[in-house]
Amino acid sequence: MTTSPDFLLALAAMAAASYACRLGGFAAMRFVRSTPRLEAALRAVPLSVMVGIVAPSLGNSGPAEWIGLAAVALAMRLSGNNDPLAAMIGVAAVATARALGL
Amino acid sequence: MSRPPVPFTAAGVARGLARGSALSPGVLAYGVVFGVLAGEAGRSALEAVLMSALIHSGSAQLAALQGMATGPFVAPIVATILLTNARYVLYGAALRGWYGAAPPAGAWPSLFLLGDGNWAMAMKEHEQGRHDGGFLLGSGLAQFVPWTIGTWIGHATGSAIADPRRFGMDFMIVALAAAMATAFWRGRASLAPAGVALATALAVHAWMPGGWTALAAGLAGAATAWMLHDDES
């Protein structure tokens, strides 16, 4: 359990940079006058980001990941949009498919 | 246009903890992976846990490990963290309409715990008409605690632990994002922003993979909704 002053200084800078990102957009929006157009744009952010997180796995993945995504879609439909449950079912499907060598 | 004040209650925190705990096993597994990597990179257990507690971002911490291993200069590492966490700027902006009316003493610490999973869960919570500001804090703690504890476990056990890929844990964030995308879908109005976001994400991923795809997709979807917005309606 040791550290050095150099590391702690670097850590302080890194932590400040990380928190600045988390706070920055929120704080900046205080000075931006909100319009219906801007609100429509911000409302589109969550779906677009989710699509952006899923997209890379569509390209460079095998049958196990495809089965996982299908399991998520099916679980969402059957569970009435219980997303953590659907995600865990998707993970279980991927683990099973990989265990079977897919 | 004035908004009603946003409550910030213990019940909201508890609800966030309960909902967020579904992600905790996956977060714990990745905390363990970071702990192993930090140990291999020569960081002490204290340093590894401090990084997880204070930087609190997997991709940024990996970049920091690499940066500290290659040179004594802090500026490039800070720049890398700003870039890998740039998507949080967008997340925070999207939260403003809701958290802007929450008590700052609750909102600011909650933002410290802002992550991909709990942000998506909170946005969905808000869309469904539940506005308690405690949710983001509770769901954030459900990630923060396993992330830091997992880091410590990983550092203590070293590379003896099993491959998290075997348990499909690397698929957790993708599976959650896919589920969330289904939940955020608003019919025909979602088609254009989601389509542009998908095309942008695939292009950016092919060109420069990493933390950029989600940010680029978010910006592209927002720009599409901005351009298509009809002021008359």
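Okay, before anything else, a quick definition: when I say helix, I mean a DSSP run of H or I that is at least four residues long, and helices are numbered from the N terminus. With that in hand, here's a helix to look for: α2(B), which gives the most to the lining of the largest pocket, with six residues. And keep in mind that what you're looking at is a predicted model.

Let's stay with that pocket for a moment. The space in the largest pocket comes to about 1,400 Å³. There are 43 residues lining it, and the closest to its centre are B:Tyr30, B:Ser59, B:Asp116, B:Asp170 and B:Ile173. Which elements give two or more residues to that lining? From chain A, it's α3 (45–59). From chain B, the list is α2 (24–40), α4 (58–70), α6 (86–99), α8 (116–127), α9 (134–157), α10 (172–184) and α12 (212–228). As for the kinds of residue, the pocket lining has 20 nonpolar, 16 polar and seven charged ones.

Now, a word on how we find empty space at all. You roll a probe the size of a water molecule over the atoms, and that shows where space is left. The search of the whole structure also turns up one cavity of 30 Å³ or more. The volume of the largest cavity is about 30 Å³. If you want to find it on screen, its lining is A:Met50, A:Ile53, B:Asp116, B:Gly117, B:Ala120, B:Ile173, B:Leu176 and B:Ala177. Here α3 of chain A, α8 of chain B and α10 of chain B each supply at least two residues. Sorted by class, you get six nonpolar, one polar and one charged.

Next up, how the chains meet. On the chain B side, 87 residues are in contact with 62 residues of chain A. Between them the two chains bury about 6,400 Å², with 76% of that on carbon and sulfur atoms. In chain B, the residues that lose the most area to chain A are B:Arg96, B:Phe171 and B:Trp226, together 11% of what that side buries. α10(B) brings the largest share of the side touching chain A, at 13 residues. That side divides into 63 nonpolar, 14 polar and 10 charged residues.

Polar contacts are another story: 13 residue pairs make them between the two chains.

Over all chains, though, the search finds six salt bridges. One to show you is A:Arg98 with A:Glu65, where the closest N and O atoms are 2.7 Å apart. A:Arg98 sits in helix α5 (residues 83–99) of chain A and A:Glu65 in helix α4 (residues 63–78) of chain A, so this pair ties together parts that are 33 residues apart in sequence.

Technical notes: Residues are numbered from 1 along each chain as its sequence is written. Chains are lettered from A and ligands numbered from 1 in the order in which they are written. This is a predicted model: local features need pLDDT of at least 70, side-chain atom pairs count only at pLDDT 80 or more; totals for chains, interfaces and linings use all residues. Side-chain values use heavy atoms; hydrogens and water are left out. On a 1 Å grid over the protein atoms alone, a cavity is a set of points where a 1.4 Å probe fits but cannot get out, and a pocket is an open set with protein on both sides within 12 Å along at least five of seven lines; lining residues have an atom within 4 Å of a point. Grid points are joined across faces, edges and corners, and a volume is the space filled by probe spheres set on the points. Ala, Val, Leu, Ile, Met, Phe, Trp, Tyr, Cys and Pro count as nonpolar, Asp, Glu, Lys and Arg as charged, and the others, Gly among them, as polar. Contact means heavy atoms within 4.5 Å. Buried area is the accessible area (1.4 Å probe) that two parts lose on being put together, summed over both. A polar contact is a pair of N or O atoms within 3.5 Å; within protein, one must be able to donate a hydrogen and the other to accept it, and residues adjacent in sequence count only if both atoms are side-chain atoms. A salt bridge is a side-chain nitrogen of Lys or Arg within 4 Å of a carboxyl oxygen of Asp or Glu.
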